[in-house]
Amino acid sequence: MPRICTPDFSGAGNDQGWTSRIWASADVFGQPVPLEVRRLRLDAGARARGVPLGGTEAFAYVIAGSGTAAASPATGGEQFTLGTESVLWLPACDQMSAHAGQDGLDLLVAEVTEPAGPRPRDEGTGSQASGGFQGGRPPGPALKVFAAAELPHLVSTRDTRDRLDLVTENVPVGARAIRADRIIYHPGDTAAAHYHTDCHHVFCVLGGSGLLYDGEQAHRLAAGDSALVGPGEVHWFENDRQEEFSFVEFWAPPPTETIWTVTGDRCTWAPAS
(Lines give C-alpha, C1' and ligand atoms only; values in the text may rest on other atoms or scores of the structure.)
Protein backbone atom coordinates (compact mmCIF):
# COMPACT_ATOMS: atom_id res chain seq x y z
CA MET A 1 0.00 0.00 0.00
CA PRO A 2 1.35 3.50 -0.81
CA ARG A 3 2.67 5.63 2.01
CA ILE A 4 1.34 9.20 1.68
CA CYS A 5 2.50 12.28 3.56
CA THR A 6 1.59 15.97 3.58
CA PRO A 7 4.69 17.81 4.84
CA ASP A 8 4.23 21.15 6.57
CA PHE A 9 5.69 23.85 4.32
CA SER A 10 4.29 26.72 6.39
CA GLY A 11 6.31 28.99 8.62
CA ALA A 12 9.13 31.38 7.88
CA GLY A 13 11.86 28.93 8.87
CA ASN A 14 14.35 31.76 9.33
CA ASP A 15 14.54 35.53 9.08
CA GLN A 16 16.57 35.54 5.85
CA GLY A 17 13.72 35.15 3.38
CA TRP A 18 13.89 31.42 2.66
CA THR A 19 12.56 28.11 3.96
CA SER A 20 13.77 24.52 3.75
CA ARG A 21 11.53 21.51 4.35
CA ILE A 22 11.94 17.77 3.81
CA TRP A 23 9.41 16.61 1.20
CA ALA A 24 10.20 12.88 1.04
CA SER A 25 12.56 10.62 2.99
CA ALA A 26 12.70 7.43 5.04
CA ASP A 27 11.72 9.44 8.12
CA VAL A 28 8.77 11.09 6.35
CA PHE A 29 7.34 7.78 5.14
CA GLY A 30 8.38 5.63 8.10
CA GLN A 31 9.73 3.14 5.56
CA PRO A 32 13.19 2.55 4.08
CA VAL A 33 13.78 4.56 0.92
CA PRO A 34 17.27 5.45 -0.44
CA LEU A 35 16.30 9.02 -1.30
CA GLU A 36 15.70 12.38 0.35
CA VAL A 37 13.83 15.23 -1.31
CA ARG A 38 13.93 18.77 0.07
CA ARG A 39 11.98 21.86 -1.00
CA LEU A 40 13.61 25.28 -0.81
CA ARG A 41 11.53 28.43 -1.23
CA LEU A 42 13.34 31.74 -1.55
CA ASP A 43 11.78 35.18 -1.63
CA ALA A 44 12.92 37.60 -4.32
CA GLY A 45 16.61 38.41 -3.79
CA ALA A 46 17.04 35.99 -0.86
CA ARG A 47 20.17 33.84 -0.42
CA ALA A 48 20.18 30.31 1.03
CA ARG A 49 23.67 29.26 2.11
CA GLY A 50 25.04 25.98 3.40
CA VAL A 51 22.19 23.70 2.29
CA PRO A 52 23.61 20.25 3.17
CA LEU A 53 24.13 17.48 0.62
CA GLY A 54 25.43 13.97 1.20
CA GLY A 55 28.24 13.81 -1.33
CA THR A 56 26.36 11.27 -3.47
CA GLU A 57 24.25 11.69 -6.60
CA ALA A 58 21.96 14.71 -6.29
CA PHE A 59 20.21 17.30 -8.41
CA ALA A 60 18.14 20.48 -8.12
CA TYR A 61 15.02 21.14 -10.20
CA VAL A 62 13.47 24.61 -10.47
CA ILE A 63 9.73 24.37 -9.89
CA ALA A 64 9.26 28.09 -10.50
CA GLY A 65 11.24 31.32 -10.55
CA SER A 66 14.86 31.98 -11.39
CA GLY A 67 18.23 32.67 -9.80
CA THR A 68 21.70 31.20 -9.43
CA ALA A 69 23.23 28.33 -7.48
CA ALA A 70 26.67 27.09 -6.45
CA ALA A 71 27.96 23.98 -4.72
CA SER A 72 31.10 22.70 -3.03
CA PRO A 73 33.57 21.18 -3.31
CA ALA A 74 35.28 21.38 -6.70
CA THR A 75 33.36 24.27 -8.25
CA GLY A 76 35.71 27.10 -7.40
CA GLY A 77 32.76 29.32 -6.59
CA GLU A 78 31.23 28.99 -10.07
CA GLN A 79 27.64 30.23 -10.24
CA PHE A 80 25.09 28.37 -12.36
CA THR A 81 22.13 30.25 -13.82
CA LEU A 82 18.73 28.71 -13.07
CA GLY A 83 15.39 29.21 -14.80
CA THR A 84 11.99 27.57 -14.47
CA GLU A 85 12.22 23.79 -15.13
CA SER A 86 16.01 23.84 -15.37
CA VAL A 87 18.04 21.07 -13.70
CA LEU A 88 21.39 21.38 -11.91
CA TRP A 89 23.24 18.05 -11.57
CA LEU A 90 25.09 17.94 -8.21
CA PRO A 91 27.32 14.85 -7.90
CA ALA A 92 29.77 14.48 -5.01
CA CYS A 93 28.79 17.79 -3.38
CA ASP A 94 28.69 18.44 0.37
CA GLN A 95 26.55 21.56 0.26
CA MET A 96 24.94 24.08 -2.07
CA SER A 97 23.77 27.66 -2.00
CA ALA A 98 21.10 29.47 -4.00
CA HIS A 99 20.32 33.11 -4.76
CA ALA A 100 16.81 33.97 -5.95
CA GLY A 101 16.10 36.41 -8.76
CA GLN A 102 13.41 39.07 -8.70
CA ASP A 103 10.65 36.48 -9.22
CA GLY A 104 11.81 34.32 -6.28
CA LEU A 105 12.93 30.70 -6.47
CA ASP A 106 11.05 27.47 -5.71
CA LEU A 107 13.58 24.65 -5.76
CA LEU A 108 13.34 20.87 -5.37
CA VAL A 109 16.60 19.22 -4.25
CA ALA A 110 16.87 15.42 -4.36
CA GLU A 111 19.79 13.29 -3.20
CA VAL A 112 20.56 9.60 -2.95
CA THR A 113 21.08 8.40 0.63
CA GLU A 114 22.65 5.02 -0.18
CA PRO A 115 25.57 4.19 -2.51
CA ALA A 116 24.73 2.59 -5.84
CA GLY A 117 25.79 -0.84 -6.93
CA PRO A 118 26.16 -1.92 -10.57
CA ARG A 119 24.08 0.16 -12.91
CA PRO A 120 20.72 -1.49 -13.74
CA ARG A 121 19.59 -2.64 -17.15
CA ASP A 122 18.79 0.22 -19.51
CA GLU A 123 15.09 0.64 -20.26
CA GLY A 124 14.17 -0.43 -23.76
CA THR A 125 17.33 -2.50 -24.38
CA GLY A 126 17.40 -4.97 -21.49
CA SER A 127 21.18 -4.86 -21.55
CA GLN A 128 23.32 -4.34 -18.49
CA ALA A 129 24.95 -0.90 -18.58
CA SER A 130 28.58 -0.49 -17.71
CA GLY A 131 29.93 1.17 -14.62
CA GLY A 132 28.84 1.26 -11.00
CA PHE A 133 30.36 2.30 -7.72
CA GLN A 134 30.36 1.07 -4.15
CA GLY A 135 30.61 3.71 -1.45
CA GLY A 136 32.61 6.91 -1.70
CA ARG A 137 31.78 9.60 -4.21
CA PRO A 138 30.11 8.87 -7.55
CA PRO A 139 32.13 9.07 -10.75
CA GLY A 140 30.95 10.83 -13.88
CA PRO A 141 30.49 14.41 -15.08
CA ALA A 142 30.98 17.37 -12.78
CA LEU A 143 28.26 19.91 -12.01
CA LYS A 144 26.20 20.81 -15.04
CA VAL A 145 23.05 22.84 -15.60
CA PHE A 146 20.42 22.01 -18.20
CA ALA A 147 17.88 24.60 -19.33
CA ALA A 148 14.35 23.26 -19.81
CA ALA A 149 14.76 23.42 -23.60
CA GLU A 150 17.85 21.16 -23.36
CA LEU A 151 16.03 18.36 -21.52
CA PRO A 152 14.17 15.56 -23.34
CA HIS A 153 10.51 16.52 -23.73
CA LEU A 154 8.13 13.63 -24.41
CA VAL A 155 4.41 13.05 -24.92
CA SER A 156 2.41 9.93 -24.15
CA THR A 157 1.27 7.75 -27.06
CA ARG A 158 -1.52 6.42 -24.81
CA ASP A 159 -3.19 9.71 -23.80
CA THR A 160 -2.17 13.39 -23.52
CA ARG A 161 0.38 13.25 -20.69
CA ASP A 162 3.43 15.51 -20.93
CA ARG A 163 6.85 14.43 -19.60
CA LEU A 164 10.12 16.27 -19.07
CA ASP A 165 13.11 14.03 -18.30
CA LEU A 166 15.16 15.44 -15.40
CA VAL A 167 17.64 12.64 -14.67
CA THR A 168 17.31 9.64 -16.99
CA GLU A 169 19.47 7.64 -19.37
CA ASN A 170 18.62 10.36 -21.92
CA VAL A 171 20.19 13.11 -19.79
CA PRO A 172 24.01 12.83 -20.04
CA VAL A 173 25.07 12.93 -16.40
CA GLY A 174 25.98 9.28 -15.83
CA ALA A 175 23.43 8.80 -13.04
CA ARG A 176 23.47 5.29 -11.57
CA ALA A 177 21.38 5.47 -8.41
CA ILE A 178 18.44 7.71 -9.34
CA ARG A 179 16.00 8.50 -12.15
CA ALA A 180 13.48 11.36 -12.23
CA ASP A 181 11.05 13.15 -14.51
CA ARG A 182 8.35 15.81 -14.31
CA ILE A 183 4.99 14.65 -15.59
CA ILE A 184 1.70 16.44 -16.26
CA TYR A 185 -1.64 14.63 -16.40
CA HIS A 186 -4.28 16.58 -18.28
CA PRO A 187 -7.96 16.07 -17.38
CA GLY A 188 -8.95 12.46 -18.04
CA ASP A 189 -5.41 11.11 -18.44
CA THR A 190 -4.58 7.75 -16.85
CA ALA A 191 -1.50 5.53 -16.70
CA ALA A 192 -1.40 1.77 -17.25
CA ALA A 193 -1.26 -0.45 -14.16
CA HIS A 194 2.25 -1.70 -13.45
CA TYR A 195 4.87 -2.40 -10.81
CA HIS A 196 8.65 -2.22 -10.49
CA THR A 197 10.45 -5.32 -9.29
CA ASP A 198 13.26 -3.75 -7.29
CA CYS A 199 12.99 -0.02 -6.76
CA HIS A 200 11.26 2.61 -4.65
CA HIS A 201 8.99 4.95 -6.60
CA VAL A 202 8.55 8.37 -4.97
CA PHE A 203 6.19 11.17 -6.03
CA CYS A 204 6.18 14.86 -5.03
CA VAL A 205 3.04 16.65 -6.21
CA LEU A 206 3.61 20.07 -7.76
CA GLY A 207 0.07 21.10 -8.65
CA GLY A 208 -3.54 20.01 -9.01
CA SER A 209 -5.09 16.86 -7.62
CA GLY A 210 -5.34 13.27 -8.80
CA LEU A 211 -5.80 9.66 -7.79
CA LEU A 212 -3.07 7.12 -7.02
CA TYR A 213 -4.41 3.57 -7.34
CA ASP A 214 -2.77 0.61 -5.62
CA GLY A 215 -4.79 -2.14 -7.29
CA GLU A 216 -7.44 -2.17 -4.57
CA GLN A 217 -8.31 1.43 -3.75
CA ALA A 218 -7.73 5.03 -4.83
CA HIS A 219 -5.78 7.56 -2.78
CA ARG A 220 -6.25 11.30 -3.34
CA LEU A 221 -3.04 13.32 -3.82
CA ALA A 222 -2.88 17.11 -3.98
CA ALA A 223 -0.23 19.80 -4.37
CA GLY A 224 2.42 19.50 -1.64
CA ASP A 225 1.81 15.81 -0.94
CA SER A 226 4.45 13.13 -1.31
CA ALA A 227 3.93 9.40 -1.79
CA LEU A 228 6.01 6.23 -1.76
CA VAL A 229 5.27 3.03 -3.69
CA GLY A 230 7.51 0.13 -2.77
CA PRO A 231 9.03 -2.64 -4.90
CA GLY A 232 6.43 -5.02 -6.32
CA GLU A 233 3.44 -2.78 -5.50
CA VAL A 234 0.98 -2.34 -8.38
CA HIS A 235 0.06 1.30 -9.03
CA TRP A 236 -1.19 3.83 -11.57
CA PHE A 237 -2.54 7.39 -11.67
CA GLU A 238 -5.66 9.14 -12.95
CA ASN A 239 -6.51 12.82 -13.27
CA ASP A 240 -10.23 12.94 -12.50
CA ARG A 241 -10.38 16.73 -12.17
CA GLN A 242 -10.67 19.60 -14.65
CA GLU A 243 -7.20 21.01 -13.99
CA GLU A 244 -3.68 19.79 -14.65
CA PHE A 245 -2.23 17.31 -12.17
CA SER A 246 1.58 17.43 -12.08
CA PHE A 247 4.34 15.84 -10.05
CA VAL A 248 8.00 14.90 -10.04
CA GLU A 249 8.51 11.14 -9.86
CA PHE A 250 11.69 9.38 -8.74
CA TRP A 251 13.01 5.84 -9.03
CA ALA A 252 15.66 4.88 -6.46
CA PRO A 253 17.46 2.83 -7.50
CA PRO A 254 16.38 2.74 -11.17
CA PRO A 255 14.26 -0.36 -11.84
CA THR A 256 15.78 -3.32 -13.64
CA GLU A 257 12.29 -4.42 -14.72
CA THR A 258 8.80 -2.89 -14.98
CA ILE A 259 5.85 -5.27 -15.23
CA TRP A 260 2.64 -4.11 -16.96
CA THR A 261 -0.23 -6.04 -15.36
CA VAL A 262 -2.90 -5.71 -18.08
CA THR A 263 -2.08 -7.50 -21.33
CA GLY A 264 -1.62 -5.04 -24.19
CA ASP A 265 -1.81 -1.95 -21.98
CA ARG A 266 1.42 -0.10 -21.22
CA CYS A 267 2.81 3.43 -21.20
CA THR A 268 4.95 4.46 -24.16
CA TRP A 269 6.36 7.86 -25.11
CA ALA A 270 7.40 9.82 -28.18
CA PRO A 271 9.37 13.05 -28.63
CA ALA A 272 7.26 16.18 -28.36
CA SER A 273 6.93 18.02 -31.63
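**Close-up 1. Ser226 and its contact with the backbone of Trp23.** In this predicted model, the side chain of S226 reaches the backbone oxygen of W23 at 2.8 Å. S226 belongs to strand β17, which covers residues 226-229, and is buried, with a relative accessible area of 0%. Apart from neighbours within four places in sequence, the residues in contact with S226 include R3, I4, C5, P7, A24, V28, F29, F203 and C204.

**Close-up 2. Glu249, a buried residue without a salt bridge.** E249, which is found in strand β19 (residues 245-252), is buried yet has no salt bridge, and the nearest side chain of opposite charge, that of R163, is 6.3 Å away. The side chains of E249 and H201 are, however, joined by a polar contact of 3.0 Å. Not counting residues up to four places away in sequence, E249 also touches R179, A180, D181, I183, V202 and F203.

**Close-up 3. Aromatic pairs.** The structure holds 10 aromatic pairs. One of them is the tilted pair of F59 and F250, with 6.2 Å from centre to centre and 40 degrees between the planes. Because F59 lies in strand β5 (residues 58-72) and F250 in strand β19, this pair ties together parts that are 191 residues apart in sequence. F59 is buried at 0% relative accessibility, and F250 is buried with a relative accessible area of 0%. The ring centres of Y213 and W236 are 5.0 Å apart and their planes are at 10 degrees, so this pair is stacked.

**Close-up 4. A ring cluster and a charge over a ring.** Ring pairs link Y185, F203, F237, F245 and F247 into a cluster. R163 lies over the face of W269, at 5.2 Å from the ring centre.

Conventions: Residues numbered from 1 in each chain as written. Predicted model: local features only at pLDDT ≥ 70, side-chain atom pairs only at ≥ 80, totals over all residues. Heavy atoms only, no water. Helix = DSSP H or I, 4+ residues; strand = E, 2+ residues; numbered from the N terminus. Buried < 20%, exposed > 50% of the residue type's maximum accessible area, 1.4 Å probe, protein only. Lys, Arg positive; Asp, Glu negative; His and termini not counted. Salt bridge = Lys/Arg side-chain N within 4 Å of Asp/Glu carboxyl O. Polar contact = N/O pair within 3.5 Å; in protein donor to acceptor, adjacent residues only side chain to side chain. Contact = heavy atoms within 4.5 Å. Phe/Tyr/Trp six-rings, centres within 6.5 Å; stacked < 30°, edge-to-face > 60°. Lys NZ or Arg CZ within 6 Å of the ring centre and 35° of its normal.
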